[in-house]
Amino acid sequence: MTQTQTRLQNFVGGQWEPSRSSEAQPVINPATAQTLADVPLTTAQEVDRAVQAAQAAFREWSEVPVGDRIQPLFKLKALIEENIEDLARTITDECGKTRAESIGEIRRGIENIEVASGIPMLMQGVNNENIARGIDEHMFRQPLGVVAAITPFNFPAMIPLWFLPYAVATGNAFILKPSERVPLTSAKLFELIEKAGFSKGVLSLVNGGKDVVNALLDHPQVRAISFVGSTPVARYIYERGAKNGKRVQAQGGAKNPAVILPDADMEMTATILADSAFGCAGQRCLATSVAITVGDARKDFTDLMVDLAQSRRVGYGFDDGVQMGPVINEGSKERVESLIEKGVQEGARAIVDGRGAKVPGYEGGYFVGPTLLDDVPPQGEIARTEIFGPVLSMMHAATVDEAVRLVNERAFGNQASLFTGSGAAARKFRHEARAGNIGINIGVAAPIAYFPFSGWGDSFFGDLHAQGRHGVEFYTETKVVVERWPREWSRTF
């Protein structure tokens, strides 16, 4: 398959094939508003065919020795590294990121391939000899069968790789349904997967929209669903999948606060938080979206943030010197700008206003400039809503205890950060802040692939998160074997 084709294809049973659906939608470059390709809205009947092909492949793949199952992962890692520039440009063109952000995303995905390549150790069972007289007991991990992932637009390479390596290394067959907004990156990944040496049918790519999602959620042979996206959709995925007896891990939205104490290095803190709030145009679930200053930190931090927001260069992500790209589409631009207006109506002050941003040469692009809203009311709608754009809401507290209270008065629990020079304050914060990922002097507390990507509250639905040992546990089920080899039967134990 080549991506010079106008209409993308699915990858099922080890081969590329066009969807039979007559419906499709355009894939738009958000910096130029130009159409890159058309993505088919695959039908439920085609999903069933993909599941049947995956189920057939699973029977053979699950019997492949674990050391052999990981060999294609080594090859895939090498292929991704060889093609990293091409993948990065594709991400930038369909998602809007800068080149550096696209490269960084791919490298975080590669981390998960590296960790999953350790499956021979990670999925080892346990045993006890003579756990009772003459009785030995063992626990084995076995794959589930056919599993699927439904992934979002904001990390089109990294997030599929949160799931895919662990699923196939543990012996499952895996189906990816990427966001219909950014399907080109997944298509390129699957071109590399095709070369990596996986058994035919073990990995499938099915494009589409809600009909594909529902077909996967309802299909009796799909054993587990992984999802990343907004909280309302995550809740829907979790409820419908669990009702159908599936394992589900559903990562939702966020409203991530950062607390700045007066003893923090202000210049370093502001630089880090500008990258966190405005990096990827604010379109990531670990972006800092609320800054809470404590006491005397307010003035210095605010002045520095104003300078950083006003000086950040916005444009097409592969142009030299660009620090921030567009939001994903026109609807997102309109939503972000309307939420900025909502914040102003609630009493916040737009001390840097990114609405109406225009980039010379890219007048049709969906750009929103870095925005700072000061004195945001803690109980207002804007303080509780995930904006998913380059907007930092600023609040101010008199004490650390008041700041921690503001941190914890949220439905979300993805990330919370503290900036300080005090070890005692850091220990208090990491213990008391209610969030699954905690950053100390870190603006994006994204766990390395050895650790689970945690999330609490309305930021996550399920029990086992993506990455690391959680990924291994999610994609396997335990079998306990109790065995005894008596020469004579006796009921004496």
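Residues are numbered from 1 along each chain as its sequence is written. Since this is a predicted model, local features need pLDDT of at least 70 and side-chain atom pairs count only at pLDDT 80 or more, while totals for chains, interfaces and linings use all residues; side-chain values use heavy atoms, with hydrogens and water left out.

**Exercise 1.** Find out which residues of helix H10 are buried and which are exposed.

*Solution.* Helices (H or I, at least four residues) and strands (E, at least two) are DSSP runs, numbered from the N terminus. Buried means under 20% relative accessible area, exposed over 50%, and partly exposed in between (1.4 Å probe, protein chains only).

Step 1: get the helix in view. H10 covers residues 231-243, which is 13 residues, and reaches 18 Å from its first C-alpha to its last. That's close to the 18 Å expected, where the expected span is 1.5 Å times one less than the number of residues.

Step 2: pick out the buried ones. They are Thr 231, Ala 234, Ile 237 and Gly 241. Looking down the axis of H10, these buried residues fall within an arc of 120 degrees, so they line one face of the helix. (The arc is that of the directions from the helix axis to the C-beta atoms.)

Step 3: check the other side. There, Pro 232, Glu 239 and Lys 243 are exposed.

**Exercise 2.** Work out how strand E18 sits between its partner strands.

*Solution.* Step 1: look at burial. Five of the five residues of E18 (residues 415-419) are buried, so the strand is largely enclosed by the rest of the structure. Gln 415, Ser 417 and Phe 419 point one way, and Ala 416 and Leu 418 the other way. In a regular strand the side chains alternate between the two faces of the sheet.

Step 1: find the partners. Two strands pair if DSSP finds at least two bridges between them. Strand E12 (residues 256-260) runs parallel to E18, with three bridges; strand E19 (residues 437-440) is also parallel to E18, with four bridges.

Step 2: zoom in on Ser 417. Its bridge partner in E19 is Gly 439, and it is also the partner of Ala 258.
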